[in-house]
Amino acid sequence: MTENNYAARGLTKRIIPCLDIKDGRTVKGTNFVDLRDAGDPVELGALYAQQGADELVFLDITATVEKRKTLSELVNKISHHINIPFTVGGGIASVEDVSVLLQNGADKISVNTAAYKRPGLIRELERSFGSQCVVLAIDTKKEEDGEWYVYLNGGRTKTETRCVDWARHAVELGAGEILLTSMNHDGTKQGFALDITRTLATQLPVPVIASGGGGTMQHFVDVFEEGKADAGLAASIFHFKEMGIGELKQYLKGKAVNVRIEE
Amino acid sequence: MVLTIIKYNAGNIQSVLYALERIGMEAVVTDDHEAIMAADKVIFPGVGEASSAMRYLQERNLDKLIWQLKQPVLGICLGMQLMCRYSEENNTDCLGIFDEKVKLFRPEEHAKRHHLLHGLNEMLAMREASMLRDNVEEEAEPVLKIPQIGWNNIYNLKTSLFEGIKEESYCYFVHGYYAALGEHTIATTDYVQPYSSALHRDNFYGVQFHPEKSAEVGERILKNFVELI
């Protein structure tokens, strides 16, 4: 409290490293291709927690029916070792899928393509587990007409639905949080998509996690200040030690962004 | 030391169990009355909805059992709310161990206060530099989101539950309803307005946040409950 007269109370902005999982290992692609190996998810997750990450997201990018058991075992291992909340996503399509993950210690789950194809899934999940654990992940891309559209299947399939319409509908159905990934920005390290992030964050009554494009610490300031995001998510800049989480949070604090730093 | 977690129809029981394992404690998850009565310490967790949780407890007479417990009891999140007198969540009469009422966060009330304050600031600004007034650009106030999800400070910490925990430490919260401040408040947090983030009466303790998900701070609080209370 001495050198800093900015001692804000209240809910903090969250920094969330995202770990893409394939066959039990962490990988991260650039614009969803070119996968690179970045380590053991449990060890890496525990390290991030220690460095001050506020939450973790694990996305199983090869989630198939036969891999489901592997994922739940991994989730169980994560929840034994990690003392902060975490979200699990990838190929989740039913109440049963979610039930297994939550029983193994996941705090939230994220749904994407399956929820778009069958929006009733969101309501079923909300009724069964509460909206606080239902995160809707949206991959979105700005087209030449200036509108943001929803993409499915890890960004491979375009839809004609506007991002803002789908997000609003999903929140009405019971989604408790939106994880918004801009495909235009993902992997570029040129900054987050401030316009669509701000649109969702100021119009929806649920938190928005901004993802895609975070390359410098100032980008995070921008996504919180201008984009009004509740959380900022990134992957490779953390995995490849281009930016330390502790260092990022100190920078944010210096810019008067309210973040969690334990003295 | 026998540590028992009350088993009922509310989530996060596994997470509490794993968190205790991380600090080297074993616990039994059970709804067996004798086992709960015989425990040295009891944890009453919970994520979910108040009325269905109360109904579940009543059907199994667990509501009466909790009242009879003489050993230290720690309610977590919904568990703490159920230990209060009443919850606005589906107008539920709760256990009544803590006299505090559980209410829904109402951000519009916060907005009203904000506008009052804003109006006052504007008046002061007018008096001091009236020429600047025309240039004031209205900044859209970010929507306060309900439920509160994320890390927030705890302060005005009391009792040995918070031994070694610094004022303003951060804990992880997920909740749309809150317990008002009252005589049993032993920790305060600000969201929309100051509210009780922990309560204490006799052998009963309750925390609104999730110690099992609140990093080292949360682990220390669980440890304090096990070792000091």
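In this predicted model, B:P147 sits in the loop that runs between helix 6 (107–128) and strand 8 (148–154) of chain B. A cis peptide bond links B:I146 to B:P147, with omega at about 0°.

Two further loop residues of chain B have a positive phi. The phi of B:N91, a residue other than glycine, is near 45°. B:N91 belongs to the loop between strand 5 (86–87) and strand 6 (92–93) of chain B. Only 12 or fewer C-beta neighbours qualify a residue as exposed; B:N91 has 9 other C-beta atoms within 10 Å, so B:N91 is exposed. For B:T159, also not a glycine, phi is near 75°. This residue is found in the loop between strand 8 and strand 9 (169–175) of chain B. B:T159 has 14 C-beta neighbours inside 10 Å and therefore counts as partly exposed.

In chain A, helix 10 (residues 245–254) has the buried residues A:I245, A:L248, A:K249 and A:L252. They line one face of the helix, because they fall within an arc of 95° when seen down its axis. Their packing partners are strand 1 (14–22), helix 1 (41–51), helix 8 (217–225) and helix 9 (236–239) of chain A. A:E247 and A:G254 are exposed on the other side of helix 10. After this helix comes A:A256, with a positive phi near 65°.

The two chains also touch. Chain A contributes 28 residues to the contact and chain B 33 residues. On the side of chain A, helix 2 (68–81) and helix 3 (95–103) are the elements that give two or more residues. That side has 9 nonpolar, 10 polar and 9 charged residues.

Terms used
Residues numbered from 1 in each chain as written. Chains lettered and ligands numbered in written order. Predicted model: local features only at pLDDT ≥ 70, side-chain atom pairs only at ≥ 80, totals over all residues. Contact = placed C-beta atoms within 7 Å. Helix = DSSP H or I, 4+ residues; strand = E, 2+ residues; numbered from the N terminus. Nonpolar A, V, L, I, M, F, W, Y, C, P; charged D, E, K, R; others polar. Buried ≥ 20, exposed ≤ 12 C-beta atoms within 10 Å, placed from the backbone. Arc of directions from axis to C-beta.
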